[in-house]
2 protein chains.
Amino acid sequence: MVDFRVERLDISTGQTLVAVMHKKDADLYDFQHSDRIKLSTKKSSLTVILDITSDITLVKPGTLALFKDVCKILHIRTGTKIQVTFSGKPDSVEFIRDKLNGNSLHYKELLSIVKDITADRLTDIEKTYFVSACYIHGLSSQEIVDLTKAMVATGDKISFRGVTLDKHCIGGVPNNRTSMIVVPILAAAGLTIAKTSSRAITSPAGTADTMECLAKVELPQKKILDIVKQVKGCLVHGGSMNLAPADDKIILVESPMSIDAEGQLVASVMAKKYSVSATHVLIDIPMGPDVKVKSKRDARRLQRLFEDVGQRLGMHVKVIVTDGSQPIGRGVGPLLEAEDVIAVLRNDPLAPQDLRDKSILLTEHLLELAGKPKDLATELLESGAAWQKMKDIIALQGPCRKPKLGQYRYNVRSSSEGKIIAINNKIISKIARTAGAPLDKGAGIFIHRKIGSSVQKQDILYTIYAENETKLNLAKKYVQGAYVVN
Amino acid sequence: MVDFRVERLDISTGQTLVAVMHKKDADLYDFQHSDRIKLSTKKSSLTVILDITSDITLVKPGTLALFKDVCKILHIRTGTKIQVTFSGKPDSVEFIRDKLNGNSLHYKELLSIVKDITADRLTDIEKTYFVSACYIHGLSSQEIVDLTKAMVATGDKISFRGVTLDKHCIGGVPNNRTSMIVVPILAAAGLTIAKTSSRAITSPAGTADTMECLAKVELPQKKILDIVKQVKGCLVHGGSMNLAPADDKIILVESPMSIDAEGQLVASVMAKKYSVSATHVLIDIPMGPDVKVKSKRDARRLQRLFEDVGQRLGMHVKVIVTDGSQPIGRGVGPLLEAEDVIAVLRNDPLAPQDLRDKSILLTEHLLELAGKPKDLATELLESGAAWQKMKDIIALQGPCRKPKLGQYRYNVRSSSEGKIIAINNKIISKIARTAGAPLDKGAGIFIHRKIGSSVQKQDILYTIYAENETKLNLAKKYVQGAYVVN
């Protein structure tokens with residue numbers, strides 16, 4: 001046990017709680033980089049991760065630099081005397097090493113790892129070993145089930161009574177805002193569907209961003225329960241609800257390498273569904289050259305995995321593989337996508353047929369899962385019942401003033417005559433994001449022509465919308481390669 | 001391209017160069033956590049890794065917080081306008097992903113990874129993916145060769161003419177200071193052996209720490225070349241020489257998980273040897289219950305790997321497996337180990353026989369490797385030629401005033417009568433380190449009894465030495481379990 005004088009740093013550590021010691025002290029007292037140390041005052045104690053530096057402007061020998069979040073927890077400030085003792089690594093590090101060595105993990109061990117990830121007790125290095133071990137060795141169905149349960153157990157839960165539907169799309173396809181059509185149809189059919197969605201991370205819009213053009217999406221749990229009780233459905237942002245919070249922290253470690261550990265993907269999706277007590281879940285796997293799932297073989301493997309894990313979790317899971325070769329709908333970006341959704345719900349003759357068809361297909365599968373006649377999908381959409389239900393949901397969540405479409409516009413025209421044979425989802429997304437989506441809700445792309453259309457030279461392929469000129473000009477730089485005309 | 005105002009932070013980033021942006025700006029301009037961004041002024045530019053925070057005490061929207069090492073490189077300060085552009089990930093990240101996916105890497109790809117590790121262009125997360133991929137998938141002999149060459153190519157080299165001997169011990173056994181005996185014997189035999197050694201990381205003393213009780217060990221390269229020219233041998237610290245510098249950076253990522261990736265271990269050792277142009281190398285693998293290599297099977301696999309890689313590198317490599325069940329010699333800690341070495345070199349009748357025997361054995365193997373009669377080992381030691389050679393080496397490296405043995409002492413006595421059946425190397429090391437070794441050169445342990453001895457109750461097993469009373473008292477707490485008497 002060694003005494004140190006606290007030097008408070010006026011910045012936060014970010015995720016993990018860290019203390020910084022001078023190298024001389026570390027050598028003297030035999031502390032190593034990344035050791036856990038326990039900081040104790042008379043009143044409280046806290047275990048943090050040790051960082052070692054030789055930079056005396058940061059910390060002098062005899063003092064221990066603590067970031068402000070650590071000071072806050074311990075109620076200490078610069079000058080406070082603090083006792084430092086060596087604290088072993090958490091047990092979870094041992095379990096991560098087991099997985100690295102190719103052993104399977106059980107629920108108790110996965111729970112220990114997930115608890116420590118949730119509480120920011122593991123370093124980036126340790127979390128990365130966990131993710132890469134799961135990626136390389138893979139996770140068995142039972143491990144995925146246990147990981148799912150562990151992620152659910154370390155977060156909040158919402159419970160609805162009886163049959164509760166849910167859907168999830170693996171993503172990668174621009175627009176594709178089927179949830180905003182599927183939910184009101186099913187709710188109109190009297191079925192419960194409390195849809196929590198994410199905001200865009202790398203895409204031009206998530207369902208939460210798009211719904212936010214029409215209604216508030218950040219709602220307290222109590223209000224969500226109340227809305228679903230009244231109108232059977234809702235469309236809210238799941239991110240603010242602390243459902244399976246370990247998931248986001250795991251994603252932070254996966255994203256720098258752009259790896260998609262299959263087992264972790266399944267656990268991530270199922271944990272979110274399990275947390276909102278879904279009983280019947282439809283998984284949509286788009287397949288195409290530039291989305292996550294590129295081949296039938298991969299799609300089928302993922303399908304079997306979802307179904308197997310679902311069964312072990314006691315959920316009814318159905319998986320369908322859909323066309324992911326081009327955007328679904330015509331708008332890309334929050335407002336443009338919201339307008340597509342409204343056009344379909346209002347049975348507008350100009351509504352995008354592909355978005356309408358896909359939404360009906362998904363709804364029919366969910367109706368079947370719930371034991372209802374599938375014809376209800378088209379009936380409730382065409383009768384206007386779904387649109388009325390959507391208006392009810394908007395009214396209860398709290399209507400928003402619809403944003404304006406970006407006033408700076410640029411038409412991208414075909415440079416040759418021929419047939420459109422490919423549209424690159426990734427380039428379309430990049431253009432829409434550079435134009436300002438999803439934060440500029442009126443920014444994005446309106447698609448005039450899709451795969452299979454014949455075009456003349458100079459025909460408009462798509463229009464870029466931006467809320468300011470700079471972003472429009474930046475977005476124009478990426479148009480190369482978005483369309484292939486041959 | 002976006003303009004930011006610089007806010008200089010008065011601290012260093014440590015290894016990787018980092019810039020911190022407020023989350024609002026990151027969202028606005030579509031930057032992601034861990035993205036590479038290029039910072040440009042009129043005069044210079046630099047690519048750094050992006051960190052994103054919502055903490056406005058650290059960075060406000062519109063400003064970019066830069067650590068002082070980044071400011072120094074770019075010659076900028078608080079208030080400077082700087083242009084920020086997105087910069088793709090280095091190619092090496094793609095190669096790391098290849099290895100994660102089970103593909104083999106070639107020299108060009110490993111060189112790209114090692115270059116980026118050496119230049120601190122990869123994040124901890126990316127480096128960890130590399131290490132764990134190599135650990136789980138393993139490295140082929142050819143990959144180890146290529147990794148070795150890549151590590152050598154990114155560091156300094158020293159070249160000696162003709163046959164140049166070297167030795168390395170995989171470690172884990174306290175004392176075991178054979179190099180300080182092997183080197184003077186071989187140099188006395190007229191063979192070149194420029195021994196670079198490390199300081200202790202987790203052990204009570206490294207050869208560099210021990211040699212430093214007798215002579216300076218931090219020498220410029222020119223001086224080392226000169227000494228070896230004059231007396232054929234030297235015993236210096238390799239750490240200050242920038243030999244295969246990627247190695248230490250890789251070890252920093254391995255150590256939090258205490259994993260020892262076999263391929264990386266072999267590449268690490270061979271890169272150090274290759275960097276000093278060794279042509280004939282002896283590898284000592286101690287085997288025992290509490291050292292790195294625990295079974296004959298593991299020892300043999302490692303042996304074959306070293307030999308195979310050595311051959312592919314054009315080096316003559318011999319591997320021997322030795323007894324790692326207890327400390328070699330009687331002292332543990334820099335000065336106590338140095339005294340064992342001197343006793344052996346001076347043919348002191350009380351010199352530890354096990355250290356003498358092992359040193360002669362290793363020397364004989366190296367003599368054989370170099371095509372010399374092995375009887376020379378005992379001859380040159382017994383004649384005093386080796387001791388004279390050691391004195392020459394000390395004189396040229398620059399003699400040090402010998403430190404004093406710690407004046408605070410504690411005898412650990414046997415609590416029962418019987419035979420000593422085991423000594424725990426790890427506990428012995430922990431006691432010696434807690435007593436102050438390696439920084440307190442006079443701290444450590446003197447071992448009175450070894451495995452096989454019969455002891456009476458109250459017989460002294462070992463004595464702890466410390467330079468101050470507090471450390472002696474701390475060290476006493478760990479004595480439990482160091483010896484098993486039965």
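Is A:Ala435 buried or exposed, and how many other C-beta atoms lie within 10 Å? Select A:Ala435: the residue is buried, with 31 other C-beta atoms within 10 Å. Buried here means 20 or more other C-beta atoms within 10 Å of the residue's own, exposed means 12 or fewer, and partly exposed is in between, with C-beta atoms placed from the backbone.

This is a predicted model, in which local features need pLDDT of at least 70, side-chain atom pairs count only at pLDDT 80 or more, and totals for chains, interfaces and linings use all residues. Residues are numbered from 1 along each chain as its sequence is written, while chains are lettered from A and ligands numbered from 1 in the order in which they are written.

**Around A:Ala435**

Stay on A:Ala435, which sits in the loop between α17 (425–434) and β15 (444–447) of chain A. Helices (H or I, at least four residues) and strands (E, at least two) are DSSP runs numbered from the N terminus. Next select A:Ala466: its C-alpha lies 5.2 Å from that of A:Ala435, though the two are 31 residues apart in sequence. Beyond neighbours within four places in sequence, the contacts of A:Ala435 include A:Ile464, A:Tyr465, A:Lys471 and A:Leu472. Contact means that the C-beta atoms, placed from the backbone, lie within 7 Å.

**The nonpolar cores**

Select A:Ile185, A:Leu186 and A:Ala435 together with B:Ile185, B:Leu186 and B:Ala435; of the 258 residues in the largest nonpolar core, these touch the most other members. A nonpolar core is a set of buried Ala, Val, Leu, Ile, Met, Phe, Trp, Tyr and Cys residues joined through C-beta atoms within 7 Å. A second, separate core of 27 residues includes B:Val18, B:Leu50, B:Ile82 and B:Val84.

Colour chain A by domain: domain 1 (2–87), domain 2 (91–138), domain 3 (165–241 + 256–397) and domain 4 (408–485). These bounds come from an automatic or database domain assignment. The C-alpha centres of domain 1 and domain 3 of chain A are 47 Å apart.

Now select β3 (36–40) of chain A and show side chains. A hairpin of 4 linking residues leads from β3(A) to β4(A), and 5 bridges join β3(A) to β4 (45–53) in antiparallel fashion. Strands count as paired if DSSP finds at least two bridges between them. Look for A:Ser40 opposite A:Ser45 in β4(A). β3(A) also pairs antiparallel with β6 (81–87) of chain A over 5 bridges, where A:Phe86 is the bridge partner of A:Ile37.

**A sheet in chain B**

Move to chain B, where 3 strands form an open antiparallel sheet in the order β16-β14-β18. Its edge strands are β16 (454–455) and β18 (483–485), each pairing on one side only. Between β14 (418–423) and β16(B) there are 2 bridges, and B:Gly418 has B:Val455 as its bridge partner.

**Between the chains**

Select the contact residues: 35 from chain B and 35 from chain A. On the side of chain B that touches chain A, α5(B) gives the largest share, 10 residues.

Finally, superpose chain B on chain A: a rotation of 180° with 0.0 Å of shift along its axis does this at RMSD 0.1 Å. The same surface serves both copies, as 100% of the contact residues of chain B recur in chain A.

Methods:
Copies are superposed by least squares on the C-alpha atoms of residues with pLDDT of at least 70 in both. Two residues are in contact if their C-beta atoms, placed from the backbone, lie within 7 Å.
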